[in-house]
Amino acid sequence: MAKKTRRYLTATMADGYVKTIGPTTDDFTHYWRIVAELSNGRTEVFWGHTRSLSEARRKRIATEEAARMRGWASFAFEIVELVETPA
């Protein structure tokens, strides 16, 4: 079996934030981020990466449930495609 090469994956969010993942051999395709505004005015950020767009979209359903359970005042959920970048 051929050895997978290590690579870096980069996500660029709409607000200009850039997240680089790696080096990795995993087949990640999308990056998701939740920016939650708490009822006390503070902000929390949660993020992750998935192997498909549909997997990332399912996180949205869990986020809506988390917002209700944790009492978030509001939240923004974003998904972007990961792009391979040179090491």
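My entries on what I looked up follow.

**Ground rules.** I am working with a predicted model, where local features need pLDDT of at least 70, side-chain atom pairs count only at pLDDT 80 or more, and totals for chains, interfaces and linings use all residues. Residues are numbered from 1 along each chain as its sequence is written, and side-chain values use heavy atoms, with hydrogens and water left out.

**Helix α1.** I took helices (H or I, at least four residues) and strands (E, at least two) as DSSP runs, numbered from the N terminus.

Next I asked which residues of α1 are buried. I found Ala56, Thr63, Ala66 and Ala67; buried means under 20% relative accessible area, exposed over 50%, and partly exposed in between, with a 1.4 Å probe and protein chains only. Their cover includes β3 (30–37), β4 (43–50) and β5 (74–81). Just after α1, I noted a positive phi of about 70 degrees at Gly71.

**Thr50.** I located Thr50 in strand β4. I list Thr50 as buried because its relative accessible area is 1%. Its contacts (heavy atoms within 4.5 Å), leaving aside neighbours within four places in sequence, are Phe28, Thr29, His30, Trp32, Glu55, Ala56 and Lys59. I also saw the Thr50 side chain reach the backbone oxygen of Ser52 at 3.0 Å.

**Thr10.** I found Thr10 in strand β1 (residues 7–12). Thr10 counts as buried because its relative accessibility is 12%. What does the side chain of Thr10 join in a polar contact? I found the side chain of Thr85, at 3.1 Å. A polar contact is a pair of N or O atoms within 3.5 Å; within protein, one must be able to donate a hydrogen and the other to accept it, and residues adjacent in sequence count only if both atoms are side-chain atoms.

**The sheet around β1.** I traced an open sheet of 3 strands in the order β2-β1-β6, with antiparallel pairing. The edge strands, β2 (18–24) and β6 (83–85), each pair on one side only. Strands pair if DSSP finds at least two bridges between them; I noted 5 bridges for β1 and β2. Across that pairing, Thr10 stands opposite Thr20 in β2.
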